[in-house]
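Come along and check each entry against the picture.

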Amino acid sequence: MKIRIVFLLSLAVLLLCGGCGNSQKDVEIKYVSYNIRNSRANDGDNAWDIRKSATKEMIEREQPDIFGLQEAYIEQLQYIDNNFPNYSRVGVGRDDGKEEGEFMAVYYRNDKFKLLDSGDFWLSETPDECSMGWDAACRRIVTWAKLKDIESKKVFYAFNTHLDHVGEVAREQSILLIVNKIDKIVKKDKAPVFLSGDFNSNVSSPIFDPLKNIMKDSRAILPESEWIPTYNNYANGNDAMIDYIFYKNAEVLDFKTLNGDYGKPYISDHYPVMARFKM
């Protein structure tokens, strides 16, 4: 009788718990960071209309769970929206907080994740206003999303940005602001946090130390001999490693610079980068 009672009690606990066990499952996320090169640049043979099919091919082939774009104008986002209804996005244009200027959009698979919260802040002394900061040449913005994996119920955060290409003070102050904002948005939550972006600098610079104190560079899983410059400049020289995916409270499984053939000579003047994580 005692054995039967224990069995029935155990069964009742399992039934009441329902899908509770799912929260203990490991979840893998494939995250791509991609400077898409803005569609209004005078790029000749590398203009957006010529190479946009390569972006479509990359997304179809790589099947990212999350991807953060830099430099995207609204027409580029609409092209992706029309071709990939299984993705949703968050983010605003940096020049008016609506649809003007470049977006740092965060895309996520809407069949896999539920959006819990999202927001944007400008990299400036007045981050809650559409503004330009310090010695920057352009308005710069961060877009973030708080997401929940539908199956496991695990929650995580994705931040995406593009630091200024001219202002050294702006880059330094932007890193300090991003670190501060991540702390305020995530608070004491131990959830995984990811930060993707075009940093317009090699993160060996000491200005990135505050970021490296709280997050890790996913590329560091590779031996340095396999580190590939990400800014290709359409083979016009000046190659540089400036695109990164940082993380915390997760385990990085793989990292790649996506410099393969997607049907056009260049997908952009940057190669996308991909990291796989386990939460």
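Entry 1: I began with F277, which counts as buried at 0% relative accessibility (buried means under 20% relative accessible area, exposed over 50%, partly exposed in between, with a 1.4 Å probe and protein chains only). Before going on, I noted that this is a predicted model, where local features need pLDDT of at least 70 and side-chain atom pairs count only at pLDDT 80 or more, while totals for chains, interfaces and linings use all residues. I also wrote down that residues are numbered from 1 along each chain as its sequence is written, and that side-chain values use heavy atoms, with hydrogens and water left out.

For rings, my rule was this: those of Phe, Tyr and Trp (its six-membered ring) pair if their centres lie within 6.5 Å, with planes under 30 degrees apart counted as stacked, over 60 as edge-to-face and the rest as tilted. How many aromatic pairs does this rule give? I got a count of 15.

I looked up F156 and F194, an edge-to-face pair with 6.0 Å centre to centre and 75° between the planes. This pair links distant parts of the chain, since F156 is in strand 7 (residues 155–162) and F194 is in strand 8 (residues 193–198), 38 residues apart. For these labels, helices (H or I, at least four residues) and strands (E, at least two) are DSSP runs, numbered from the N terminus. F156 is buried, with a relative accessible area of 0%, and F194 is buried at 0% too.

Next I returned to F277, which forms a tilted pair with Y247: 5.2 Å centre to centre, 50° between the planes. Here too distant parts of the chain are linked: Y247 is in strand 10 (residues 243–248) and F277 in strand 12 (residues 273–278), 30 residues apart. Y247 counts as buried, at 9%. I then found that Y31, F113, F156, F194, Y247 and F277 form one aromatic cluster.

**Entry 2: charges over rings.** I checked for a charge over a ring, meaning NZ of Lys or CZ of Arg within 6 Å of the ring centre and within 35 degrees of the ring normal. The charged end of R40 sits over the ring of Y73, 4.0 Å from its centre. K181 lies over the face of F121, at 5.4 Å from the ring centre.

**Entry 3: the nonpolar cores.** A nonpolar core is a set of buried Ala, Val, Leu, Ile, Met, Phe, Trp, Tyr and Cys residues joined through side-chain atoms within 4.5 Å. In soluble globular proteins, nonpolar side chains tend to be buried together. The largest core here has 26 residues, and F121, F159 and I178 are among those with the most contacts inside it. Which helix gives the largest share of this core? I found that helix 4 does, with 7 residues. A second, separate core of 23 residues includes V32, I74, Y79 and M274.

**Entry 4: helix 4.** Helix 4 has 19 residues and reaches 27 Å from its first C-alpha to its last, close to the 27 Å expected (1.5 Å times one less than its number of residues). Its buried residues include A170, R171, S174 and I178. What covers the buried residues includes strand 5 (113–122), strand 6, strand 7, strand 8 and helix 5 (209–212). After helix 4 comes K187, whose phi is positive, near 60°.

**Entry 5: two buried polar residues.** I found T230 in the loop between strand 9 (216–217) and strand 10, buried at 0%. A polar atom of its side chain lies 3.1 Å from the backbone nitrogen of I242. I took a polar contact as a pair of N or O atoms within 3.5 Å; within protein, one must be able to donate a hydrogen and the other to accept it, and residues adjacent in sequence count only if both atoms are side-chain atoms.

Q76 is in helix 3 (residues 74–83) and is buried at 0%. Polar atoms of the Q76 side chain lie 3.0 Å from the backbone oxygen of R37 and 2.8 Å from the backbone nitrogen of Y73.

Note on methods. Contact means heavy atoms within 4.5 Å.
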